[in-house]
Amino acid sequence: MNSLIWIVLFPLIGFAINGIGRNVLSKPIISIVGCGTILASFLLSCGAFSTVYAARKSGEIASFTQTVFEWINVGNLHISLSFLVDPLSAIMLLIVTGIGFLIHLYSTAYMKHDAGFGKFFSYLNLFIFFMLLLVLGSNYVVMFIGWEGVGLCSYLLIGFWYHRVDYASAAKKAFVMNRIGDLGFLLAIFLIFNTFGSLEFSAVLPKAAQLEVGNATLFLITLLLFIAATGKSAQIPLFTWLPDAMAGPTPVSALIHAATMVTAGIYLIVRSNIMFVLSPVTMEIIAIVGLATALLAAFIALTQNDIKKVLAYSTVSQLGYMFLGLGVGAFTGAFFHVITHAFFKALLFLGAGSVIHAMSNEQDMRMMGNLKKKLPITFATMFIGTVAIAGIPPLAGFFSKDEILAHAFGHNQLYWMLGFIGALFTAFYMFRMLFLTFYGNFRGTYEQEKHVHESPISMTLPLMVLAALSIIGGILNVPQALGGTMGLATFLQPVFDASASKLSAAHLSHSTEYILMGASAIAAIGMAIYAYITYVSKGVVPAADHENRGGLTRLSYHKLYIDELYDAIIVKPLNILSSFFFKIIDKKTIDGFVNALGQGASQSGKLIRLLQQGNVGYYIFFMVIGVIVLLAYGLFII
Amino acid sequence: MNNLALLLLLPVFGALLLAFVKKSGTAKSIALIFSVLTLALTVPFLVAFIPDASKQFEQNIPWIPSLGIHFHIGLDGISLPLVILTNGLVPLIILSTFGQQQKGGFYALMLFMQTGLLLVFTALDAFLFYVGWEIALIPIYFICGLWGGVNRIRVTLKFFIYTFSGSLLMLIAIIYLYTQVPTANYELTSFYELDLDEKTQRYIFWAFFVAFAIKMPLFPFHTWQPDTYVEAPMAGTMLLSGIMLKMGVYGLIRWLIPIAPLGVSQYGHLAMILAIIGIVYASIIAFQQQDLKRLIAYSSIAHVGLIAAGVFVWNVQGLQGAMIQMVNHGISVIGLFFVVEIVSRQFGSREMQHMGGIAKVAPRLAIVFLIIILGAIGLPLTNGFIGEFLLLMGVYQAGIWTAIFAGLTIILGAVYMLRMYQGVMLGDTNQKAGIFRDIAGSELLVFAILVALIVGIGVYPKPLLHLSEAAVSNLVEQVKIGY
């Protein structure tokens with residue numbers, strides 16, 4: 001497949017044109033270049049997808065590669081810049097370029113009044129370029145290029161309005177936390193190379209499949225890869241950068257910090273699934289970390305008042321569900337959730353952007369309310385997004401979340417129970433957001449109220465497309481219990497072929513599945529009603545920042561004080577250590593020693609100088625002594 | 001046609017001419033012309049070079065026959081990249097001084113030093129190596145001592161005495177080795193062929209190691225370095241960090257390890273541990289530095305620590321990583337110091353707290369500074385990634401914990417580098433930053449070249465890696481270290 005390189009190159013060309021011409025080109029041209037290059041990539045991706053799809057239809061494995069050039073050749077290490085498209089990467093291609101295109105389109109209006117318009121589009125294109133490298137890489141190193149590259153773009157875009165010191169700091173925090181994960185990735189790469197003698201997926205994974213369950217090396221590799229994933233996909237303990245990343249423009253939050261980049265960790269694990277299946281301990285760790293993250297983030301989201309913060313914690317929580325899915329062996333389910341989440345979370349963020357845009361950059365939901373009439377399209381689409389994420393049938397989120405929870409139930413009923421509670425939280429905080437924003441009384445300023453308007457078509461069109469996808473996305477993989485054919489699972493089958501035989505998935509009876517589905521659907525609707533009663537019927541508005549909050553609410557509102565904790569146990573001690581190293585060890589001890597040596601030399605120089613004072617008597621005296629010593633030396637030796 | 005001696009002597013001719021030039025403008029032009037000419041004359045060597053393990057373009061002229069000293073020079077895959085680095089960076093360093101008024105003597109010393117450096121990298125005779133080693137030291141001593149900052153005299157003297165005492169140890173080792181050679185000469189090959197017992201090799205190890213460790217510098221021999229970098233004029237700092245410290249690394253690869261492999265087997269681990277301590281230690285110190293020059297000085301200690309670790313682990317990946325990273329480090333550190341020079345000249349201070357928000361008024365500088373930083377922290381598709389990846393992969397062979405500690409550089413490096421970027425470039429634009437002048441002219445040219453190299457090597461490192469591949473593999477084959 002020779003078109004793969006062009007899928008990657010188009011966004012790079014867009015980056016170059018818009019980057020160089022950012023101050024010269026007019027905004028329409030920048031928009032055309034920015035969106036056009038992504039559209040071109042999308043169309044080529046469709047072509048690649050249909051080739052893969054056709055091959056799958058005729059029962060083939062459907063895996064195509066393209067080698068561009070040999071990149072690093074050192075000793076027995078051979079790394080080529082090469083691409084791989086198979087059912088897994090084909091779907092990712094569509095998500096990245098498809099949703100990427102919609103968000104580019106949206107941004108042409110959203111960023112219209114920003115002075116950095118050209119810069120914004122060049123960064124966005126660069127992001128797509130790196131994301132495509134990540135997705136298309138046929139080996140771990142090319143994937144790593146994309147992996148770090150998207151981290152860079154994330155840094156640039158979070159700090160897009162860098163004159164705000166807190167925004168610049170948020171960008172730095174994101175980059176550094178990601179790099180902690182990246183070190184894990186690098187170490188995993190070294191270990192993989194040492195173990196399998198290659199870094200190509202096509203060479204490593206079949207060899208890994210030969211190893212037995214519980215292999216110690218595989219355990220270490222998978223653990224390191226999971227550490228990498230916790231950085232990029234914002235899991236405990238490396239998740240705190242993602243809520244701060246909301247400092248970036250909202251389309252960035254939609255594209256990078258919700259729909260695409262943050263799912264890279266899941267993609268990495270799905271790609272390497274066989275190694276994880278053979279490391280049950282890692283799988284258990286992943287399930288527990290995922291579940292804990294899902295609950296913790298959902299708990300924090302319950303009391304947040306910044307509309308983007310709610311969505312950010314919701315993203316962390318949903319990513320947690322995906323990891324739970326991976327941990328319990330529901331690879332297809334987790335990846336299914338990646339897809340549906342991309343639809344409805346991009347939708348929700350873009351909707352939030354539309355609200356923020358309409359409210360003259362207001363993000364605090366306490367200052368909103370009663371927007372549903374004024375922003376009908378935004379409201380309708382966000383309503384769909386909320387229903388979808390809450391897991392209410394028949395929208396997309398229901399199917400994918402249900403698949404994860406059903407597997408969790410089969411694995412350990414406690415996991416299901418906790419996941420279920422998290423789902424209740426999700427339904428509540430999402431409807432809370434919806435009702436606070438669109439229902440009740442308008443609580444903003446007079447100027448804001450006068451200014452409120454529905455967004456232009458270039459912003460609402462992406463909302464509508466994503467809303468449609470959020471509605472129908474579920475049909476991709478309807479479970480057999482509901483008379484579905486599991487289309488996605490069939491399509492992805494070659495990716496999980498080696499793992500399938502080793503996964504002892506507890507098979508649930510259809511009646512159990514019905515009960516689980518029913519329970520979560522009813523519970524979600526129940527939470528929606530509860531939120532309605534609280535925020536619409538009773539008209540409750542969250543308390544002002546300075547007001548005292550009791551117990552759990554306070555914990556949730558202050559994000560469990562995790563940032564403060566990290567500051568106290570990592571940042572501050574490191575700074576103290578830095579001063580200690582500099583002042584005490586470096587200056588006083590080591591350099592003090594060096595200086596003392598130097599002084600010792602010059603002091604002894606002074607002493608020796610005393611011997612040479614021109615007194616002949618002294619010289620004779622020392623000469624005699626010298627002769628005696630020499631004689632004595634000679635005598636003793638002989 | 002390809003006369004290596006001529007290449008070495010060309011800068012000296014320039015230096016002789018420049019010594020009599022008083023006018024700054026003329027001096028700059030002459031210096032630039034000579035340095036570019038030297039670079040141009042390097043190209044034929046690169047073209048004619050056959051990338052195998054052999055020594056090429058050799059010249060061997062008896063110098064002091066009664067003592068068996070020869071003027072013996074030549075190039076191989078290990079020395080050629082460093083010769084290119086030297087001759088490539090000197091013109092850039094000269095260009096970077098175009099914003100200042102400097103007399104001919106300043107440039108004369110720089111070119112004189114260039115010859116010393118080239119001698120070090122091409123010498124195949126230990127005595128000649130030592131001569132080059134000291135020839136490189138004396139001009140930089142004067143550059144720092146005459147044109148440096150307020151504390152230059154004290155700091156430079158310390159630097160001189162410190163490095164000089166290191167090289168005296170090396171001289172003693174060289175003379176001892178000479179006495180052991182049956183045919184009484186200083187040839188590199190004769191030294192390689194010596195059959196020294198383990199005990200002797202241990203002494204040889206330490207004599208060479210201390211000299212090289214001071215030069216690089218390696219923890220804990222590094223305390224002269226931050227002060228000297230801070231006090232030296234910027235061109236001096238660039239020469240010291242961009243090129244001169246590679247003398248130490250080169251010395252390890254060319255002299256120490258092949259001559260005293262048993263000594264390395266004994267103490268190589270210790271050296272590697274020191275190198276890795278240096279990475280973490282210097283990075284953590286860099287966290288809190290406010291003086292930009294001192295910050296980069298400490299970051300340089302960290303980076304060189306990784307290079308040294310990659311050398312001592314003694315495998316193809318580590319050594320190839322060290323080779324390419326020496327070039328990369330030269331490129332990025334010169335870029336970093338040049339940014340500091342431009343910024344501090346306009347602010348009248350090197351302290352970060354006086355800066356901020358420059359990106360808004362100087363977008364070009366903001367972009368190149370970011371790219372240079374990305375190279376320095378080893379982002380993929382920049383040159384730094386290739387080096388760090390290979391080095392860490394090499395170091396990994398010594399054990400996962402070694403790699404974890406050495407690998408901390410990618411996290412800690414991001415912390416202090418991005419902190420610096422934020423402090424200088426981002427945030428509110430204060431009054432002084434408001435009138436900041438963006439880069440242009442010769443500054444832009446220097447940065448354009450550096451950025452092109454950073455991205456070029458990062459995307460397509462093959463030609464550079466290929467230069468040293470055969471020589472490095474051969475060396476690793478020939479010299480066995482028993483870890």
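Predicted model: local features only at pLDDT ≥ 70, side-chain atom pairs only at ≥ 80, totals over all residues.
**Chain B, overall**

I began with the make-up of chain B. I count 20 helices and two strands in its secondary structure. I then looked up the radius of gyration, which is 21 Å for chain B; the globule rule gives 23 Å for 483 residues, a close value, so chain B is as compact as a globular protein of that length. I noted the extent of the C-alpha trace of chain B along its principal axes as about 70 × 55 × 45 Å. Burial came next: 61% of the 483 residues of chain B count as buried. Among contacts with a separation of 6 or more, 81% join residues 24 or more positions apart.

**Domains of chain B**

I took the domain assignment of chain B as given: domain 1 covers 1-259 and domain 2 covers 267-483. Over C-alpha atoms, I find the centres of these two domains of chain B to be 22 Å apart. Their contact involves 40 residues of domain 1 and 46 residues of domain 2 of chain B. Which elements supply two or more residues to the domain 1 side of this contact in chain B? I list α3 (80-96), α8, α9 and α10 (234-259) of chain B. Of these, α10(B) has the largest share of that side, with 13 residues. I sorted the domain 1 side by class and got 30 nonpolar, seven polar and three charged residues.

**Contact between the chains**

I turned to the contact of chain A with chain B. Chain B puts in 44 residues and chain A 38 residues. On the chain B side, I find at least two residues from each of α6 (152-180), α11 (261-287), α13 (316-347), α14 (358-361), α16 (383-396), α17 (400-425) and α20 (462-478). Which helix gives the most to this side of chain B? I note α17(B), with 11 residues. By class, the side of chain B that touches chain A has 29 nonpolar, 10 polar and five charged residues.

**Nonpolar core**

I looked up the largest nonpolar core and found 425 residues in it. The residues with the most contacts inside this core are Ile189(A) and Ala346(A) in chain A, and Met110(B), Phe208(B) and Ile358(B) in chain B. I followed one of them, Phe208(B), to its neighbours. Leaving out residues up to four places away in sequence, Phe208(B) touches Met170(B), Ala173(B), Gly251(B), Trp255(B) and Leu256(B).

**Chain A, annotated region and α10**

The UniProt record, an unreviewed entry, places "domain: NADH:quinone oxidoreductase/Mrp antiporter transmembrane" at residues 139-426 of chain A. I checked the model over residues 139-426 of chain A: the chain there is 76% helix and 0% strand, with its end C-alpha atoms 37 Å apart.

I then picked helix α10 (residues 250-259) of chain A. How many of the 10 residues of α10 of chain A are buried? I count 10 of 10, and the helix is mostly covered. Among the buried residues of α10(A) are Thr250(A), Ser253(A) and His257(A), and I also list Pro251(A), Val252(A) and Leu255(A) as buried there. The cover over the buried residues of α10(A) includes α3 (87-110), α4 (117-136), α5 (140-158), α9, α14 (307-327) and α15 (331-358) of chain A.

**Backbone details**

I looked at two cis peptide bonds. In chain A, the bond joining Ile236(A) and Pro237(A) is cis, with omega about 5°. I place Pro237(A) in the loop between α8 (216-232) and α9 (241-244) of chain A. In chain B, the peptide bond from Phe219(B) to Pro220(B) is cis, with omega near -5°. Pro220(B) sits in the loop between α8 (198-215) and α9 (224-231) of chain B.

I also noted two positive phi values in chain B. Phe57(B), which is not a glycine, has phi near 55°. This residue lies in strand β1 (residues 56-64) of chain B. Is Phe57(B) buried or exposed? I find 20 other C-beta atoms within 10 Å of Phe57(B), so it is buried. Ala184(B), likewise not a glycine, has a positive phi of about 50°. I locate Ala184(B) in the loop between α6 and α7 (188-193) of chain B. Ala184(B) counts as exposed because it has 12 C-beta neighbours inside 10 Å.

Key:
Residues numbered from 1 in each chain as written. Chains lettered and ligands numbered in written order. Contact = placed C-beta atoms within 7 Å. Helix = DSSP H or I, 4+ residues; strand = E, 2+ residues; numbered from the N terminus. Nonpolar A, V, L, I, M, F, W, Y, C, P; charged D, E, K, R; others polar. Rg over C-alpha atoms; globule rule 2.2 N^0.38 Å. UniProt positions renumbered as here; feature names shortened; annotations may be inferred. Core = buried A, V, L, I, M, F, W, Y, C linked by C-beta atoms within 7 Å. Domains from an automatic or database assignment.
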